[in-house]
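This briefing concerns the protein shown below. It covers the fold, the surface and the charged side chains in turn.

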Amino acid sequence: DFMTAGGVGHPVWWDESVKWAVWLGGSIQGEVRIKASGPQTAQLRRLRSLAERYQYEHGLNLYHSNCRMFCARMEREVTRLNAEATTQETRATAAIAD
């Protein structure tokens, strides 16, 4: 999930001047929260590692382009990891068939 830094403790939820600043085009700090549910496959661990690295290397802001860039990079990485897994499955199936 991509949300406000600090969750409900962020002033955007209780400070009217911060709310107005956002409504008028400003931004607020964001953070990525990654939930671990279900089996932790190698692909999910790699995706989580990439997301955590990106969050710490770039200051994430809600309502600015780096939030959209983060989401686009994660989508691209998921597509790449899925294609990689499909290729590995195909190779394994071919090896069994031989």
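Helices (H or I, at least four residues) and strands (E, at least two) are DSSP runs, numbered from the N terminus. On that basis, the elements of the protein follow the order β-α-β-α-β-α from the N terminus on. The model is predicted, so local features need pLDDT of at least 70 and side-chain atom pairs count only at pLDDT 80 or more, while totals for chains, interfaces and linings use all residues. Residues are numbered from 1 along each chain as its sequence is written, and side-chain values use heavy atoms, with hydrogens and water left out.

**Overall architecture**

- The secondary structure amounts to three helices and three strands.
- Of the 98 residues in the protein, 23% are buried; buried means under 20% relative accessible area, exposed means over 50%, and partly exposed lies in between (1.4 Å probe, protein chains only).
- Among contacts (heavy atoms within 4.5 Å) with a separation of 6 or more, 65% are between residues 24 or more positions apart.

**Surface**

- The protein exposes about 7100 Å², of which carbon and sulfur atoms supply 58%; accessible areas come from the Shrake-Rupley method with a 1.4 Å probe, and for residues only the protein chains shown count as cover.
- Val8, Trp13 and Trp14 make a nonpolar surface patch of about 440 Å².
- Patches are made of residues with over 30% relative accessible area and no salt bridge, where like charges are joined within 9 Å and nonpolar side chains (Val, Leu, Ile, Met, Phe, Trp, Tyr) within 5 Å.
- Trp14, one of the patch residues, belongs to the loop between β1 (2-4) and α1 (16-23).
- With a relative accessible area of 57%, Trp14 is exposed.

**Salt bridges**

- Side chains of opposite charge can pair when their charged atoms come close.
- The whole structure holds four salt bridges, each defined as a side-chain nitrogen of Lys or Arg within 4 Å of a carboxyl oxygen of Asp or Glu.
- One of them joins the side chains of Arg46 and Glu84, at 2.7 Å from N to O.
- Arg46 lies in helix α2 (residues 42-57) and Glu84 in helix α3 (residues 65-97), so this pair ties together parts that are 38 residues apart in sequence.
- Both partners are partly exposed: Arg46 has a relative accessibility of 36%, and Glu84 has one of 24%.

- Glu77 and Arg80 form a salt bridge in which the closest N and O atoms are 2.6 Å apart.
- These two residues, Glu77 and Arg80, both lie in helix α3, three residues apart, or about one turn of the helix.
- Glu77 is buried, at a relative accessible area of 14%, whereas Arg80 is partly exposed at 38% relative accessibility.
- Arg80 also meets Glu84 in a salt bridge, at 3.1 Å from N to O.
- Glu84 and Arg80 are four residues apart in helix α3, so about one helical turn separates them.
- Through shared partners, salt bridges join Arg46, Glu77, Arg80 and Glu84 into one network.
- Leaving aside residues up to four places away in sequence, Glu77 touches Leu47 and Leu50.
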